[in-house]
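Subject: Structure handover

Hello,

I am passing this structure on to you. Please open it first, then read the notes below it.

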Amino acid sequence: MPELPEVETCRAGIAPHISGKAFQRIIIREPRLRWPVPLQIAELLPGLTLHRVDRRGKYLILHTEPGCLLLHLGMSGNLRITSQEQPLAKHDHIDFVFNDGTVLRFNDQRRFGAVLWTTEPLATHALLNKLGPEPLSAEFNGEYLYQQARKRGIAVKTFIMNSHIVVGVGNIYANEALFMAGIHPLRAANQLSQAECETLAISIKTILEQAIKQGGTTLRDFLNAQGKPGYFQQKLQVYSHAAEPCPKCGQPIEQIKIAQRSSFFCARCQLQ
DNA sequence: TTAATCACCTGAGGGC
DNA sequence: TGCCCTCAGGTGATTA
């Protein structure tokens, strides 16, 4: 399940293989993703050069001269570098074939992902213009988090998973960051002190940086551009460890639902 | 403006 | 063995 570290791992994995190359052919086998894949990209893209691959939150942005492809991996999506000779796997929905034969293959079992085309400035794009800051940027810090939290009475876990507050923090890393910060996931955001917001911002940055170094987390679906899993799962302290002893105090990890998402915490280490 | 809920989708796993 | 149900989760849309 791709969160920011998985998307960044994916971006770093595919960019060297496709940047500077020209699209030769686009093969769309299944256009029914989160939003219908614009079929016109099969005619628009051939001949265009892919200048670079960026990331904004969990969106991958493939830049060409007239416009950009926006890719989202959703819940189960992955991109891998391959060739046309390689047999198709189940749920291989789209092939981006480049002029040297390299193929960027989009696979998405649950089809929550997206492939979109835009020629408008990214700063005004409806999917991007309301996104919060990047968690690893200087703009995202304790003071920013505190100012945003003061206006919200929702559970802090739901708060930090809101991409309009900060991008890229999904369920796994929200659980892990709150555990590291010693903050109960049900605490109201507007009840956090400035010091707690400082600690939480640092925890989010630390968790995400560690996960990127490990190549992301593989629970079920995630594979990197070479089809290999990430290794951060082995570092998870509370996520998916219900009833197991807390790594800090030994108390059993508890599991509850918050906003329909499984949430894991230590009731002794994380103060409510 | 904020918060809560729904919908989308597929496959694994459990119960019968 | 096969059927049915539940669960997993990112995020935009809808509703209150």
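**The sheet with strand 1**

Strand 1 and strand 6 (residues 92–98) run antiparallel and are joined by five bridges. Look for Ile26: Phe96 in strand 6 stands opposite. Keep in mind that this is a predicted model.

Now widen the view. Four strands make up this open sheet, in the order 1-6-7-5, with antiparallel pairing. Strand 1 (23–28) and strand 5 (77–83) are at the edges. Each has a single partner strand, so one side of each is left without a neighbour in the sheet. On average, neighbouring strands here are turned by 20° against each other, direction ignored.

Helix 1 packs on this sheet. The strands that helix 1 touches are strand 5, strand 6 and strand 7 (102–108). The direction of helix 1 makes about 30° with that of strand 5.

**The sheet with strand 2**

Another open sheet has four strands in the order 2-3-4-8. The pairing is antiparallel here too. Which strands stand at the edges? They are strand 2 (52–56) and strand 8 (114–118). Each has a single partner strand, so one side of each lacks a neighbour in the sheet. Neighbouring strands are turned by 25° against each other on average, direction ignored.

Strand 2 pairs with strand 3 (residues 59–63) over five bridges, in the antiparallel sense. Arg56 faces Tyr59 in strand 3, standing opposite that residue. Helix 1 turns up again here: helix 1 lies across strand 2 and strand 3. The helix runs at about 170° to strand 2.

As background, strands of a sheet pair through backbone hydrogen bonds, either parallel or antiparallel.

**Helix 1 and helix 6**

Stay with helix 1 (residues 4–18) and find helix 6 (residues 194–213). The two pack at an angle of about 40°. Their axes are 9 Å apart. The crossing of helix 1 past helix 6 is right-handed.

Which residues meet? From helix 1 they are Leu4, Pro5, Glu8 and Thr9. From helix 6 they are Leu208, Ala211 and Ile212. By class, this contact has five nonpolar residues, one polar and one charged.

**The hairpin of strands 9 and 10**

Strand 9 (residues 254–258) and strand 10 (residues 261–265) run antiparallel, joined by five bridges. Ile256 has Ser263 in strand 10 as its bridge partner. The two strands form a hairpin, with two residues between them. Check Ala259 in the turn: this residue has a positive phi of about 50°.

**The largest pocket**

The largest pocket has a volume of about 1,200 Å³. Its lining counts 41 residues. Which of them lie nearest the centre? Look at Lys58, Met75, Met161, Gly170 and Arg261.

Helix 4 (156–160), strand 9 and strand 10 are the elements that give two or more residues to the lining. Strand 10 supplies the largest share, three residues.

By class, the lining has 18 nonpolar, 14 polar and nine charged residues.

Over to you.

How values were computed. Residues are numbered from 1 along each chain as its sequence is written. Chains are lettered from A and ligands numbered from 1 in the order in which they are written. This is a predicted model: local features need pLDDT of at least 70, side-chain atom pairs count only at pLDDT 80 or more; totals for chains, interfaces and linings use all residues. Side-chain values use heavy atoms; hydrogens and water are left out. Two strands pair if DSSP finds at least two bridges between them. Axes are lines fitted to C-alpha atoms, for helices over the stretch in contact, and angles run from 0 to 180 degrees between N-to-C directions. A crossing is left-handed if the near helix is turned anticlockwise from the far one by less than a right angle, and right-handed if clockwise. Contact means heavy atoms within 4.5 Å. Ala, Val, Leu, Ile, Met, Phe, Trp, Tyr, Cys and Pro count as nonpolar, Asp, Glu, Lys and Arg as charged, and the others, Gly among them, as polar. On a 1 Å grid over the protein atoms alone, a cavity is a set of points where a 1.4 Å probe fits but cannot get out, and a pocket is an open set with protein on both sides within 12 Å along at least five of seven lines; lining residues have an atom within 4 Å of a point. Grid points are joined across faces, edges and corners, and a volume is the space filled by probe spheres set on the points.
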